[in-house]
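Work through the exercises below with the model open beside you. Try each task before reading its solution.

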Amino acid sequence: MKTATATAHSNIALVKYWGKRADAPPALNLPAVGSLSMTLDGLRTVTTVAAAGSDSFSLDGEAVSGKPEQKVYAHLDRLWASAHETPRPRCAVTSINHLPTAAGLASSASGFAALTMAAATAFELDLTTARLSEFSRMGSGSAARSIFGGFVRLDAGEAADGRDCVARPLAGAEDWPLRLVVVQTTRGVKPVGSTEGMQASRDTSPYYQPWVDTSIQDLDAAQAAIEARDLPRLGAIVEHSCFKMHACMMATVPPIVYWKPASLGAIHAVWAAREEGLHGYVTMDAGPHVKVLCLSLIHI
Ligand code: PMV
C-alpha cells in the first residue's frame, strides 16, 4: 500500500435523510428515504492513510478510541476486503476536521468520504465515483453525497445489495451560486447520534411512516426547483422537509429534540427577514445549529 491524502467537503441535506431500510443488513447502511444535498466549500475534512505497525486513528491531533475508532477500522476492512483476500495492512489514519465534530455540521459526511477516498488510493483500488459513494454510504449515509460537489441526489434504491443507492450530481456549484450560512447556536457534541435516533424514530414515532411515504415527492420537487433555479420554490421544500423530519424526531419516544432556544430564535429571525424581502430559508440537522439557504450577496 502507499500513503494517500484526500479532502472531502461536508454537505447539508436540503431534502433530509432520516431512517434506515428495515429489510436490509445494517452493515449496508441503506437509507429508507432518498435525500438531496448541497456540498459546502467552507467545511472540510482532510484525511491521510499510511502504512503503520499497528492501527491508529487521530482526529485533530488527538488519538481517538472506542466506537468512532472501531468504525474507522471497520471501514478500512471493508474497502480492503473488496479487492484482497490477504489480511489488511495496519494503518495510521490521521484526520483534520476544518469544522466542529459531531455537532450536526455533517462531520461524518466529510469524514467518511475523505476516509473512503484516501483508503481507496492507499490500497490502490481503482474505484468509480459511484463505488466511492457506495462505500462512503456504508460509513455514514450522508457521506455518499460528499463524493460530489454542488447539488447531489441520493436515491434510496431498491436493490437488496444497495448497488442502486449511490449519489449523483444534479448541478455544479458554479451553476447556481447559493450560500448556506451556519448559525452556530451552541458548542459541543450532539446528545443523540443519528444511527441511534433513526432507529428510535422507526420503532416509536407515529410520524415515521408518513415521513418515509412523502419523501419522494419532496425529492422530485426539489430537483425540479434546482433545475429551474427557483430559490423561493426550493426554499419552501427545504423548510418543509426539515420541519417534517424534526416533527418525526420529536414524536419519538423518548423525544429527540435537537433544538435549543437559540435555534428557534434564529428561525424566527430568518422568517422576519423574509417578511422584509430577504430570500433566506432555514434547515436543521441532528443538532441545534440553524443553516440558512440564501443567495450570495454578490449575485443579488
Ligand atoms: O449520515 P448520518 O448518519 O450522519 O445522518 C445524517 C442525518 C441528517 O443529517 C439529519 C440528514 C441528512 O440527510 O444529512
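**Exercise 1: a pocket lining**

Task: Sort the lining residues of the second largest pocket into nonpolar, polar and charged.

Solution. The lining divides into 9 nonpolar, 5 polar and 2 charged residues. Ala, Val, Leu, Ile, Met, Phe, Trp, Tyr, Cys and Pro count as nonpolar; Asp, Glu, Lys and Arg count as charged; the others, Gly among them, count as polar. This is a predicted model, in which local features need pLDDT of at least 70 and side-chain atom pairs count only at pLDDT 80 or more, while totals for chains, interfaces and linings use all residues. Residues are numbered from 1 along each chain as its sequence is written, and side-chain values use heavy atoms, with hydrogens and water left out.

Next, the space. The second largest pocket holds about 370 Å³. A pocket is an open set of points on a 1 Å grid over the protein atoms alone, where a 1.4 Å probe fits, with protein on both sides within 12 Å along at least five of seven lines; lining residues have an atom within 4 Å of a point. Its volume is the space filled by probe spheres set on the points, which are joined across faces, edges and corners.

Then the residues. β2 (35-51) and β8 (178-183) each give two or more residues to the lining. β2 gives the most, with 6 residues. Strands are DSSP runs of E, at least two residues, and helices are runs of H or I, at least four, numbered from the N terminus.

**Exercise 2: Leu 178**

Task: Decide whether Leu 178 is buried or exposed, and list its contacts.

Solution. Leu 178 sits in strand β8. Its relative accessible area is 6%, so Leu 178 is buried (buried is under 20%, exposed over 50%, partly exposed in between, with a 1.4 Å probe and protein chains only). Set aside neighbours within four places in sequence: Leu 178 then contacts Met 38, Phe 151, Leu 231, Leu 234, Leu 293, Cys 294 and Leu 295. Contact means heavy atoms within 4.5 Å. Leu 178 and Cys 294 are 116 residues apart in sequence, yet 5.9 Å apart C-alpha to C-alpha.

**Exercise 3: the largest core**

Solution. A nonpolar core is a set of buried Ala, Val, Leu, Ile, Met, Phe, Trp, Tyr and Cys residues joined through side-chain atoms within 4.5 Å. The largest has 39 residues; Val 49, Phe 57, Leu 76, Val 93, Leu 115 and Phe 123 have the most contacts inside it. Elements that each supply at least two residues include β1 (4-15), α1 (66-81), β5 (91-98) and α2 (107-122).

**Exercise 4: cysteines and backbone**

Task: Count the disulfides, then locate the cis peptide bond at Pro 254.

Solution. The whole structure has 0 disulfides (pairs of cysteine sulfur atoms within 2.5 Å). For Cys 165, the nearest cysteine sulfur is that of Cys 248, 18 Å away. The sulfur of Cys 248 is 12 Å from its closest counterpart, in Cys 242, so the distance is too far for a bond.

Now the backbone. The peptide bond from Val 253 to Pro 254 is cis, with omega near -10°. Pro 254 lies in the loop between α6 (231-250) and α7.
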